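Hi everyone, thanks for coming.

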Amino acid sequence: MSTVEVIILAIIQGLTEFLPISSSAHLILPSAMFGWEDQGLVFDVAVHVGTLLAVMLYFRRDIANLTVGWVQSLGGKHSTDSKLAWWVILATIPAGLAGLLAADLIETFLRSPYVIAITTIVFGLALWLADATAKQMQTMEQLTWKQALLIGIAQAVALIPGTSRSGITMTAALMLGLDRVSAARFSFLLSIPIIVLSGGYQGSKLLAEPTHYDVGAILLGTGLSFVSAFICIHLFLKVIERMGMLPFVIYRLLLGVVLLAVLGSAA
């Protein structure tokens, strides 16, 4: 990979990991438009480490409170923090099981540029519908286990390329009545175990098949994905308070159309 490719792909990963706009849709654009080769497993793990560090740093206080609350709940002391910690664990289970049972099938049959373009549009419209019609009266602290489980099931759907993990979880949370910021916060917290599980799985494959890699490119990619993801989270929470999800819906629709046009011209 050239330095330019490293910079662009790392920033794309950092931004799209948490925005509801589909990282897979963006990562096929460079290859479709410029003929870039796949960035490889090592780089993929590196940029995911960067985004993981970003979300953990940004929500460090929430993570600390949830961790303490969860540990205390094991001794019989329950609180709002302990409840939310268990809800995060509960909501992670569907995606974890789906990943184990269906990831290879999805990778084989659904990882198509056309599928990504269509799901980018379809789930963008779903986000618009949820944002425009939902009551949005509930805070994250009022989340129930049933709502958490439904959001977790929605997260499992994000295995379909182009869906957007953050987009589908925010859509589900909004439909269930959470306000925009609460929907985003829960989605971000829910990303932590998923990134850890995904990174651990990919890392195990690296250990099984050791390969040579460019240390400089890996460090640069990790750093850039970390910085771009951290800034993205901060700005996103500010934007949705003022403007809602509509800018991201419009962007998804335009992106889907552009992808279809690019793929059509290349056919």
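I'll start with the overall fold and then turn to the charged side chains.

Please keep in mind that this is a predicted model. The chain has 11 helices and 0 strands. With a radius of gyration of 18 Å, close to the 18 Å that the globule rule gives for 267 residues, the chain is as compact as a globular protein of that length. Its C-alpha trace spans about 55 × 45 × 35 Å along the principal axes. Buried residues account for 48% of the 267, and among contacts with a separation of 6 or more, 83% are between residues 24 or more positions apart.

Now, the charges. We have 14 positive and 15 negative side chains. How many salt bridges does the count come to? The answer is 3.

Let's begin with Asp62 and Arg185, whose side chains meet at 2.8 Å, N to O. Asp62 sits in helix 4 and Arg185 in helix 9, 123 residues apart. Arg185 also forms a salt bridge with Glu141, at 3.6 Å. Glu141 is in the loop between helix 6 and helix 7, 44 residues from Arg185. Together, Asp62, Glu141 and Arg185 are linked in a network of salt bridges.

Then there is Asp131 with Arg180, where the closest N and O atoms are 2.7 Å apart. Asp131 lies in helix 6 and Arg180 in helix 9, so this pair ties together parts 49 residues apart in sequence. Is Asp131 buried or exposed? At 11% relative accessibility, Asp131 counts as buried, whereas Arg180 is partly exposed at 25%.

Key:
Residues are numbered from 1 along each chain as its sequence is written. This is a predicted model: local features need pLDDT of at least 70, side-chain atom pairs count only at pLDDT 80 or more; totals for chains, interfaces and linings use all residues. Side-chain values use heavy atoms; hydrogens and water are left out. Helices (H or I, at least four residues) and strands (E, at least two) are DSSP runs, numbered from the N terminus. The radius of gyration is taken over C-alpha atoms; the globule rule is 2.2 Å times the number of residues to the power 0.38. Buried means under 20% relative accessible area, exposed over 50%, partly exposed in between (1.4 Å probe, protein chains only). Contact means heavy atoms within 4.5 Å. Lys and Arg count as positive and Asp and Glu as negative; His and the chain ends are not counted. The place of a charge is taken as NZ of Lys, CZ of Arg, CG of Asp or CD of Glu. A salt bridge is a side-chain nitrogen of Lys or Arg within 4 Å of a carboxyl oxygen of Asp or Glu.
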